[in-house]
Amino acid sequence: MDLFSYNMEKQLDREAPLAERMRPKTLEEFVGQKHILEEGKFLNRAIKADRLPSMIFYGPPGTGKTTLAMIIANTTEMNFEKLSAVTSGVKDIRKVTEIAEEKLKMYSKRTVLFIDEIHRFNKSQQDALLPFVERGIIILIGATTENPYFEVNKALLSRMTVIQLESLKDKDLKLLLSRALKDDRRGLGKNNIDIDEDAIDYLINIADGDARMILNSLELAVLTTTKDGEGKILITREVIKDCIQTKGIKYDKAGDEHYDTVSAFIKSMRGSDPDATLYWLAKMIEAGEDPKFIGRRIIISASEDVGNADPQALNIAISAFQAIDIIGMPEGRIPLAQAAVYMACAPKSNSSYLGINNALKDVRNEKIGLVPSYLRDNSYKKGNKLKNDDNYKYPHDYPNSYVEQQYLPNEFKNKVYYVPTENGYERKIKEKLNKLFDKRK
């Protein structure tokens, strides 16, 4: 490294964001993730023994994935290389693996390769790593916020240990704030900062378990606040709120947060909890989820979970979906909320859902039954020489527009697919069907 590059690196170190400057250098400094890092736990033992397997650190942003990799770099006696999947390609992988092979041949030293955002590597890039991981030339450590079981090749994944990191707890975030405020070398200790407890609580709340966010938010508040007459930087809840403007919501439309939140929304409607339903709906709206996607989930719930216990539910769901087209957002949140709450509060029945699934199962797996001759329509066929079966009984010719008649094929004549519940309107349907059909009694 030349003098100019050295000076640039020193300047970047001084001016790096607070979260980068406060990054722990050792396991003792690391905060959180006790389930994998406490004394005696797997990762703690592996790092201290310098016996690392290939691993994927999987977890939300700001939970220490990259920091753990850097701690490994500082403590291991192995050669350490780093790539970012955002900026690297197969050429970079080949270069690093060539270095790894040379180190192993000449010095019997293995290489730890850390790849940040590993989920961004495509199949060919991941395949390029496979033989080197398999042969043990490199110990691969990947970091990702996306579920590796969906984003990483199965062949590569089968040779790695997935280690899940959790969002930091409030006490962990409070400890990080305290360190940053007291540290006068890497942190903000040289500043005369007076921060009230309400501001700390608010910072912890908006950080949502993200160490990077809480530290950088604190630094932004400090840098943008003028000292008072006594030379103090007073940080209040209002100062933090003004700096942050809006709370960031962990949510991406193709990842775990999307599917997990939608799942919670659907299950809250199914579980008849209108409050939880509105909470998950609000999260999706605030995160910018497509309102039509939400509307479609409500329509599905109306048929799958409410069904004929309240036939009006489907009409309300469809009306809410149409309303989005008419009024758009943000007002569209109102009919979405109305429809979602209706589903949550409506009586429930999945009888139609189960019925069609069972009927499809028979159609797909059993011999297809013939349509009874008296139910067929031969009249529309040109040149039809067959005479229509006159045994068909027209229901409207009989009292109450009903006459006993077999409609199922002979092979399934006693089959029951639709089993109404006692809930809501479906109770009336059940009573009627029990009167009409002996097989249902």
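The expected span of a helix is 1.5 Å times one less than its number of residues. Helices here are DSSP runs of H or I with at least four residues, strands are E runs of at least two, and both are numbered from the N terminus.

Before that, the ground rules. This is a predicted model, where local features need pLDDT of at least 70, side-chain atom pairs count only at pLDDT 80 or more, and totals for chains, interfaces and linings use all residues. Residues are numbered from 1 along each chain as its sequence is written, and side-chain values use heavy atoms, with hydrogens and water left out.

Now H16. This helix has 16 residues. From first C-alpha to last it reaches 21 Å, close to the 22 Å expected at 1.5 Å a residue. At its N-terminal end sits a cap, aspartate 290. One of its side-chain oxygens lies 3.0 Å from the backbone nitrogen of lysine 292. Just after H16 comes glycine 307, with a positive phi of about 55 degrees.

What about burial? Buried means under 20% relative accessible area, exposed means over 50%, and partly exposed is in between (1.4 Å probe, protein chains only). The buried residues of H16 include Phe293, Ile294 and Ile298. Among the elements covering the buried residues are H17 and H18.

On to helix H17, residues 312-327. Which of its residues are buried? They are Ala313, Ile316, Ala317, Ala320, Ala323 and Ile324. Down the axis of H17, they fall within an arc of 115 degrees, so they line one face of the helix. The arc is taken from the directions from the helix axis to the C-beta atoms. Here is the background: an α-helix has 3.6 residues a turn, so residues three or four places apart point the same way. The buried residues of H17 pack against helix H16 and helix H18. Contact here means heavy atoms within 4.5 Å. On the other side of H17, Asp325 and Ile326 are exposed. Glycine 328 follows H17, and its phi is positive, near 70 degrees.

Next, salt bridges. The term means a side-chain nitrogen of Lys or Arg within 4 Å of a carboxyl oxygen of Asp or Glu. How many are there in the whole structure? The search finds 17. Take arginine 135 and glutamate 101, at 3.9 Å, N to O. Arginine 135 is in helix H7 and glutamate 101 in helix H6, 34 residues apart. Aspartate 127 and lysine 123 form another, at 3.0 Å. These two are four residues apart in helix H7, so about one helical turn separates them.

Then aspartate 362 and lysine 415, with closest N and O atoms 3.4 Å apart. Aspartate 362 is in helix H19 and lysine 415 in the loop between H19 and H20, so the pair ties together parts 53 residues apart in sequence. Is aspartate 362 buried or exposed? It is buried, at 10% relative accessible area. Lysine 415 is partly exposed, at 35%.

Last, aromatic pairs. Rings of Phe, Tyr and Trp (its six-membered ring) pair if their centres lie within 6.5 Å; planes under 30 degrees apart are stacked, over 60 edge-to-face, and the rest tilted. The count comes to two. Tyrosine 279 and tryptophan 280 are edge-to-face, 4.9 Å centre to centre with 80 degrees between the planes.

Key
Polar contact = N/O pair within 3.5 Å; in protein donor to acceptor, adjacent residues only side chain to side chain.
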